[in-house]
Amino acid sequence: MAKDATKPVILWFRKDLRLDDNQALTAAHRSGRPIIPLYIREPAAAGTGPLGAAQAWWLHHSLEALDRSLRKRHGRLVLASGEALEVLCALIKESGAEAVFWNRRYDPSGTSIDIRIKHQLEKQAIEAKSFGDQLLHEPSRLMTGNGTPYRVYTPFWRALEGAGEPEPPLDAPAKLRPTSQLPKSERLDCWKLPPMKPDWAGDFTDLWTPGEDGAHEKLRAFVENALEGYKENRDYPARPATSMLSPHLALGEISPARIWDATRGLSQRVPAADIVHFRKEIAWREFSYHLIFHFPRLASANWNDRFDGFEWRNDSGDFEAWRRGMTGYPIVDAGMRQLWRHGWMHNRVRMIVASFLIKDLMVDWRRGEAWFRDTLVDADPANNAASWQWVAGSGADASPFFRIFNPVLQGEKFDPDGGYVRTYVPELRELGAKYIHRPFEAPKTILDEAGITLGQTYPKPIVDHANARNRALAAYNATRDAA
Ligand code: FAD
């Protein structure tokens, strides 16, 4: 049935808070119909948990930025809270809209909500159209020769490479056709997304500018200054060597196709190895989504159920010391404090702190995953769960459990002069490189000179790594023998 060109389309923004390279927006715009841009604050999603506090801060600023961009194009963002289907039905009734367009999400709860909504809207003869633009390739498209999903990254990467270049990104429309009367919107400040008292997000703006302009600036700076050398430098947390695009990607302020496109045509200036390595990281994100789409239980259960019998210690004192960055292992503490301060942590350090929690402290990876979800500005249902399970050894194509990071050696290898530790653990600032990752081995005179009293100004290690390693391996072997 031909649609009435005067009846609006509801453009439902979710994890695609951008106008650039937005498939649903472009389709709505090209339909020639007036557009109602909508964001719904949905109740906490089962399976992927509630919106974390750090990402709530980000969301607030991102929605403000999106509204500003829409206003420049004669639009305005409508905000509403509630079950998505109820909100959409009420808005359809109020506005006379005959269509709802959105970009797909792939996490288990999002997918099931969207399938139900599509079905219900179509029953009411409302056009419900979904588009793919959160990923480079639809997870249902890239499959093995047997038609089954990939479980191992390398063949997945080969398939992704073999699928050809992604479609070129779409520019944002210069102007939108607004509705004659925009529906009433809730007020963003009434949602109380950012923290108030205390304002623990005060330092976030040192690093972050939420919104798509901030995302494009991060991409530009990365391609200009850090893509060359990325393969080597990306493992060193003190170097400004990675793109820091993850929070922008998590809320869809930039599309992976736009990022991919920015790495084209650079071969004169940037070694191919750096470009390929960066693209491979973008492909790890795709792989996480591929996994969570095909194996939704990955979000909260051991992908490899042999780990179900693992005897976690789950000591709450240990967990608290880890969360606060007070374990006595400087690289772990620096990472956990970077997380408090900036809502983000370097990838190498994420692996170290996760290994320490799971293996040295034997705390269930799900507790770490939940803490990251609450504190990371880039908290992502697919990347977070898949990465925690990767470290735990319970995930797809995971690092084997017996590969246990030594936090001292990791620190010495990837933060050799201790610059990263000194930035986030100020009480160790005066300690030289020799002992910065092992203050518990420093002679008293050196500690005195650096103003450090172990157990008072900085904690003694909460576990002995060598003993903790043996304990973890024994627990792992017991689980394996029982299986
Ligand atoms: P860059 O090195 O510039 O990489 C570019 C992009 O590629 C990233 O923005 C990200 O989208 C993707 N990417 C990079 N590394 C990985 C990886 N190892 N796995 C999947 N995708 C990757 N990433 C999140 O986006 N959200 C999370 O909640 C999250 N939780 C994690 C938890 C643990 C325990 C670990 C070990 C890793 C986690 N990661 C997560 C992956 C990774 O640490 C971050 O994506 C990366 O540090 C983001 O920094 P960047 O944007 O500067 O990365």
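## Helix 17 and its buried face

A residue is called buried here when its relative accessible area is under 20%. With that in hand, we can look at helix 17 of this predicted model, which spans residues 407–414 and has Pro407, Val408, Gln410, Gly411 and Phe414 as buried residues. Viewed down the helix axis, these buried residues fall within an arc of 165°, so they line one face of helix 17.

What lies over that face? The cover for the buried residues of helix 17 includes helix 13 (330–342), helix 14 (347–360) and helix 20 (465–482).

## The annotated binding site

An unreviewed UniProt entry lists Tyr230, Thr242, Ser243, Met244, Leu245, Ser246, Phe278, Asp378, Ala379 and Asp380 under "binding site". These residues are spread over 151 residues of sequence and also in space, with up to 22.9 Å between C-alpha atoms. The lining of the largest pocket takes in Tyr230, Thr242, Ser243, Met244, Leu245, Ser246, Phe278, Asp378, Ala379 and Asp380 from this set.

## Two residues of the site

Thr242 sits in the loop between helix 8 (230–233) and helix 9 (246–250). Its relative accessible area is 23%, so Thr242 is partly exposed. Beyond its neighbours within four places in sequence, Thr242 contacts Phe222, Tyr230, Arg234, Trp344 and His346.

Ser246 belongs to helix 9 and, at 27% relative accessibility, is partly exposed. Leaving out residues up to four places away in sequence, Ser246 touches Trp344, Arg350 and Asp378.

Methods. Residues numbered from 1 in each chain as written. Predicted model: local features only at pLDDT ≥ 70, side-chain atom pairs only at ≥ 80, totals over all residues. Heavy atoms only, no water. UniProt positions renumbered as here; feature names shortened; annotations may be inferred. 1 Å grid on protein atoms, 1.4 Å probe; cavity = no way out; pocket = protein on both sides within 12 Å on 5 of 7 lines; lining within 4 Å. Helix = DSSP H or I, 4+ residues; strand = E, 2+ residues; numbered from the N terminus. Buried < 20%, exposed > 50% of the residue type's maximum accessible area, 1.4 Å probe, protein only. Contact = heavy atoms within 4.5 Å. Arc of directions from axis to C-beta.
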